[in-house]
Amino acid sequence: MGVVRKDRSPTLGLTIGLVITLAAVVLYSAYTGRQITALRALQNDLIDRDRKDSLELLRIQNDLNSLALAMRDMLANDEPYPLAAWSSQFQRIRTDLDDALSTEEQVSPHDRAVEQRQYLSTSLAQFWDAVERMFAMARAGKEQEARAQIRMSLQARQAALSTAVARLLVQNNESEEEATVRIARIYDRVERQVYGFLGATLIAILITGMYVIRSNRVLFVRVAALSRQRSDLARELISTQESTLRYLSRELHDEFGQVLTAIGSMLARANKRLPDSDLRVELQEVRDIAQNTLEKVRTLSQALHPVMLEEAGLEHTLEWYLPTFERQTGIKIRYEKAPIPIDGNGAIHIYRVLQEALNNVARHSGATEAWVRVRSLPQEWRFEVEDHGSGFRPQTDKQGMGVVAMRERAELLGGTLQFLKPSEGGTLVRLSVPRGAA
Ligand SMILES: Nc1ncnc2c1ncn2[C@@H]1O[C@H](COP(=O)(O)OP(=O)(O)OP(=O)(O)O)[C@@H](O)[C@H]1O
Ligand SMILES: [Mg+2]
């Protein structure tokens, strides 16, 4: 791990992958939507309209045929009726034809040429004019002339109309076929492009997914390595701290303690040899100072590393420490004790965890009372420090080392550390150490 590498966050890559995937989906949806709208327009506007129009054209065609038949019968010589008798039939056909024509005009395809429409209506109008003229002649008794009119003008006009309508029908058919081909082509194109889009989206999802998996794996490995390093470092720190404190404590106790004890006893001897004088009083004062300093040195030595832990065990050390803590902080401690046969490193870790928990009560909880419980359970030893103060709110901006060190010590003990919330509020720190682990 010699090279310090500038880490690149995978967020940018992931965001790009996500944006590409989303963009592909949005584009694909918009495109499909547009194609469907186009298809619907084609179907509605062209094919449906064409069909309706063709139906009306067939109706017109039918009417024209009826007219043709009627005119053929009028010309046939075996008809017993005068020509004017046909007038009402012509009228009926005319009404139906007008109706069909106006409906046809409404549904006729947009692309129908204006000239075609005009041609049809003008021709029809001319045809009816000729019909009326023919009936007028018939009613005036000019039967022969009327027949000649039918033969020479009306039949030709009817045939021309019929041809025009037939042409329109053919046109409708052609445009319907054309629309069907266009629709089939759109379907083909959409199908091809849908597969293209799907493929591209799948590839984008696959690449993004693989990138996520890869960067997750890399991150996980690095986090695990960092966590191991941090843990090793914390353990190293804790053990260095303990050995330094133990060394200082011993030095204070043994070296300074012995020197001060020696000074004290030398002063005592000197005192005895001196005759009564002011000097004796002064010597006594110096002796008192030496004695006081000796006590302070011993207290400091205990505070740095309770030698008591090794000599008298955790239980006695706590019995000494808790009243000291009470005196120093003014926090009332309620102690529930139990025998704990733990010594050595285990004892110092437990002692430090309880010490830090109590220091935190004093510094952060605002409580005036705390409970320290030691329990000997079948599976584990349990150590608890409870307060009913402000409650545990880990700060994100300023990270203390206390809780971190507590956790590391719990791990060194093979146990667990929990921060719980008692029903009365405040904080309950629980250290559980499995029997046999410490
Ligand atoms: N008993 C408690 N009541 C309320 N808050 C607490 C208690 N114990 C810990 N905390 C919160 O947890 C935070 C972290 O505690 P920690 O012991 O890690 O840091 P610290 O006490 O601020 O600094 P130090 O490194 O000196 O211990 C504290 O800042 C405090 O906000
Ligand atoms: Mg702390």
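Good morning. Helices α8 and α9 each supply at least two residues of the shell around ligand 1; here helices (H or I, at least four residues) and strands (E, at least two) are DSSP runs, numbered from the N terminus. The structure is a predicted model, in which local features need pLDDT of at least 70, side-chain atom pairs count only at pLDDT 80 or more, and totals for chains, interfaces and linings use all residues. Residues are numbered from 1 along each chain as its sequence is written, chains are lettered from A and ligands numbered from 1 in the order in which they are written, and side-chain values use heavy atoms, with hydrogens and water left out.

Let us begin with ligand 1. Which helix gives the most to its shell? That is α8, with 5 residues. In total, 17 residues surround the ligand, the closest being N360, R363, H364, M401 and V403; a residue is near a molecule if one of its heavy atoms lies within 4 Å of it.

A polar side-chain atom of H364 is 2.7 Å from an oxygen atom of ligand 1. For R363, a side-chain N or O atom lies 2.9 Å from a ligand oxygen, and for G402 a backbone N or O atom is 3.2 Å from one. Of the 600 Å² of accessible area that ligand 1 has on its own, the protein covers 87%; such areas come from the Shrake-Rupley method with a 1.4 Å probe.

I turn now to the magnesium ion, ligand 2. E356 (OE) and N360 (OD1) coordinate the ion at 2.0 to 2.1 Å. Donors are N, O and S atoms within 2.8 Å of the metal (3.2 Å for Na, K and Ca), and water is not among the atoms, so the site may look incomplete. Why are E356 and N360 about one helical turn apart? Because they are 4 residues apart in helix α8. N360 counts as buried because its relative accessibility is 17%, where buried means under 20% relative accessible area, exposed over 50%, and partly exposed in between (1.4 Å probe, protein chains only).

Finally, the interior. A nonpolar core is a set of buried Ala, Val, Leu, Ile, Met, Phe, Trp, Tyr and Cys residues joined through side-chain atoms within 4.5 Å. The largest has 34 residues, and F383 and L431 are among those with the most contacts inside it. Helix α8 contributes the largest share of this core, 9 residues. Apart from it lies another core, of 33 residues, including M71 and F90. Thank you.

Methods: A polar contact is a pair of N or O atoms within 3.5 Å; within protein, one must be able to donate a hydrogen and the other to accept it, and residues adjacent in sequence count only if both atoms are side-chain atoms.
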